[in-house]
Amino acid sequence: QVQLVESGGGLVQAGGSLSLSCAASGSIFSINTMGWYRQTPGNQRELVATITRGGSTNYADSVKGRFTISRDNAKKMVYLQMNTLRPEDTAVYYCNAELYTTGASYKNAWGQGTQVTVSA
């Protein structure tokens, strides 16, 4: 059993900052890429940022220069620092991890999501 649990969402005014965290737990052997995605009602889930085990990052154009993804491999955690937030950043943010379980199975795991709301 693998579980991803996000925390840190909430309500913030435009221009403000929020920090999200995601902890992976369970029968995990290794974690490859971790990332953050977001989704608004009626729309598909979209990539926000990803980070490889080695630390290489990738960002959506809309968040470049404002968001920073990082991870702690030892703690099996991934973080998203969001600065200069805009109302269009309002969404449910999901943590994602591509991992291998201790049973040598590949799994693309998702968290339950955390709401981020940016008021104008």
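Two strands pair if DSSP finds at least two bridges between them. Strands themselves (E, at least two residues) are DSSP runs, as are helices (H or I, at least four), and they are numbered from the N terminus. With that in hand, look at glutamate 6: the bridge partner of glutamate 6 in S3 is cysteine 22.

A word on the model comes next. This is a predicted model, in which local features need pLDDT of at least 70 and side-chain atom pairs count only at pLDDT 80 or more, while totals for chains, interfaces and linings use all residues. Residues are numbered from 1 along each chain as its sequence is written, and side-chain values use heavy atoms, with hydrogens and water left out.

Back to the strands. S1 and strand S3 (residues 18-26) run antiparallel and are joined by six bridges. They belong to an open sheet of four strands, in the order S1-S3-S8-S7, with antiparallel pairing. Strand S1 (2-7) and strand S7 (67-72) are the edge strands, and each pairs on one side only. Neighbouring strands of this sheet are turned by 15° against each other on average, direction ignored. Such angles run from 0 to 180 degrees between N-to-C directions, and the axes are lines fitted to C-alpha atoms, for helices over the stretch in contact.

Now move to S11. Strand S2 (residues 10-13) runs parallel to S11, with four bridges between them. Leucine 11 has threonine 117 as its bridge partner in S11. S9 pairs with S11 too, in the antiparallel sense, over three bridges. There, tyrosine 93 stands opposite threonine 114.

In a regular strand the side chains alternate between the two faces of the sheet. S11 has two such faces to compare. Thr114, Val116 and Val118 make up the covered face. Gln115, Thr117 and Ser119 make up the uncovered one.

What lies inside? A nonpolar core is a set of buried Ala, Val, Leu, Ile, Met, Phe, Trp, Tyr and Cys residues joined through side-chain atoms within 4.5 Å. Buried means under 20% relative accessible area, exposed means over 50%, and partly exposed is in between (1.4 Å probe, protein chains only). The largest nonpolar core has 31 residues, and Trp36, Leu80, Met82 and Tyr93 touch the most other members. S9 gives the largest share, five residues.

Charged side chains form links as well. A salt bridge is a side-chain nitrogen of Lys or Arg within 4 Å of a carboxyl oxygen of Asp or Glu. How many salt bridges does the structure hold? The structure holds four. Arg38, Glu46, Arg66 and Asp89 are linked in a network of them. Arginine 38 meets glutamate 46, with the closest N and O atoms 2.7 Å apart. Arginine 38 also forms a salt bridge with aspartate 89, where the closest N and O atoms are 3.0 Å apart. Arginine 38 lies in strand S4 and aspartate 89 in the loop between S8 and S9, so this pair ties together parts that are 51 residues apart in sequence. Arginine 38 counts as buried, at 6% relative accessibility. Aspartate 89 is buried too, at 1%. Glutamate 46 is partly exposed, at 38%.

Another salt bridge joins aspartate 61 to lysine 64, with the closest N and O atoms 3.1 Å apart. Aspartate 61 is exposed, at 65% relative accessible area. Lysine 64 is partly exposed, at 49%.

The loops deserve a look. Leucine 85 sits in the loop between S8 and S9. Is leucine 85 buried or exposed? Leucine 85 is buried, at 2% relative accessible area. Leucine 85 and threonine 117 are 32 residues apart in sequence, and their C-alpha atoms are 9.4 Å apart in space.

Most residues other than glycine have a negative phi. Lysine 76, in the loop between S7 and S8, has a positive phi near 60°. Alanine 104, in the loop between S9 and S10, has a positive phi near 65°. Alanine 104 is exposed, at 64% relative accessible area, while lysine 76 is partly exposed, at 28%.
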